[in-house]
Amino acid sequence: MADRPPLRKAAAGAIIAFLAVVVLAADQFTKQLALENLPYEQPVPVIGDFLIFYLVRNPGAAFSLGEGVTWIFTIALAAVAVAIVWLAATRVRSRLWAVALGLLLGGVLGNLADRMFREPGFPVGHVIDFINTPWMMPAIYNIADIFIVSMMIGVALLVLVGLHLDGTREARKAAATGGGAGASAGGAGGDGEPDAAASDSAKD
């Protein structure tokens, strides 16, 4: 089966933008529901100890690290968002990369929106966290965090399998290069037989 052609830049950008908006909307909607319906810093078991809602406002990063330098996380999130937008506009032609970067951008924008617009104010707003799965990790997180972590893993896997942003693969490039070299060698005489035949013809 022939490979599908790479995406046009406009199509890749549209995929990234659409997925980012969907994730951002889902993240902000669930955070608003949590703020309106969950008691603050009180566990609400949903599925026993498997899933617990626990509403907190997090000024730091994961595990509440860096609570005194919230503005640094705002800058870091903004830098990641800008980098993804730049890649979308200039480099991405792969469908898998477009999906991964779109979902990652949505997660980044979800937490960035909290940093910029929630209390105590720009650029040190606290991120709304409310999901707790103690069987998996002690941290409390949100929808944006889920997409950030899972898509960072996805990006790492795309790099490991050799899929480039433009949709080409490292292994295929190497194979193509090897094939071209082999063809050139064959044309130049390979094991010497074509050259010998040409020599005999010249003698005749």
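1. Among contacts (heavy atoms within 4.5 Å) between residues at least 6 apart in sequence, 63% join residues at least 24 apart. Keep in mind that this is a predicted model, where local features need pLDDT of at least 70, side-chain atom pairs count only at pLDDT 80 or more, and totals for chains, interfaces and linings use all residues. Residues are numbered from 1 along each chain as its sequence is written, and side-chain values use heavy atoms, with hydrogens and water left out.

2. Now the parts list. You'll find six helices and four strands in the chain; helices (H or I, at least four residues) and strands (E, at least two) are DSSP runs, numbered from the N terminus. Starting at the N terminus, the order of elements is α-β-β-α-α-β-β-α-α-α.

3. What about burial and surface? Of the chain's 204 residues, 33% count as buried, where buried means under 20% relative accessible area, exposed means over 50%, and partly exposed is in between (1.4 Å probe, protein chains only). The accessible surface of the chain is about 12,000 Å², and 69% of that belongs to carbon and sulfur atoms. These areas come from the Shrake-Rupley method with a 1.4 Å probe, and for residues only the protein chains shown count as cover.

4. Next, the inside. A nonpolar core is a set of buried Ala, Val, Leu, Ile, Met, Phe, Trp, Tyr and Cys residues joined through side-chain atoms within 4.5 Å. The largest one has 27 residues, and Ile16, Val92, Trp97, Leu101 and Leu104 touch the most other members. Helices α1 (9-37), α2 (70-90), α3 (95-117) and α4 (143-160) each supply at least two residues of this core, and α3 gives the most, with nine residues. Leaving aside residues up to four places away in sequence, Leu104 touches Ile84, Ile148, Met151 and Met152. A second, separate core has nine residues, including Ala34, Leu55, Tyr141 and Ile143.

5. How do α2 and α3 pack? Their axes are 9 Å apart, at an angle of about 150 degrees. That makes α2 roughly antiparallel to α3. Axes here are lines fitted to C-alpha atoms, for helices over the stretch in contact, and angles run from 0 to 180 degrees between N-to-C directions. Angles under 35 degrees count as roughly parallel, over 145 as roughly antiparallel, 65 to 115 as roughly perpendicular and the rest as oblique. Among the residues that meet across this pair are Phe73, Leu77 and Ile84 in α2, and Leu101, Leu104 and Arg115 in α3.

6. Compare the pair α1 and α3. Their axes come within 7 Å and cross at roughly 40 degrees, and the two helices are therefore oblique to each other.

7. Have a look at Arg115, which sits in helix α3. Arg115 is buried, with a relative accessible area of 4%.

8. Most residues other than glycine have a negative phi, and most peptide bonds are trans. Glu41 is not a glycine, yet has a positive phi of about 55 degrees; Glu41 is in the loop between α1 and β1 (44-47). A cis peptide bond joins Glu119 and Pro120, with omega about 5 degrees, and the bond from Phe122 to Pro123 is also cis, with omega near -5 degrees.
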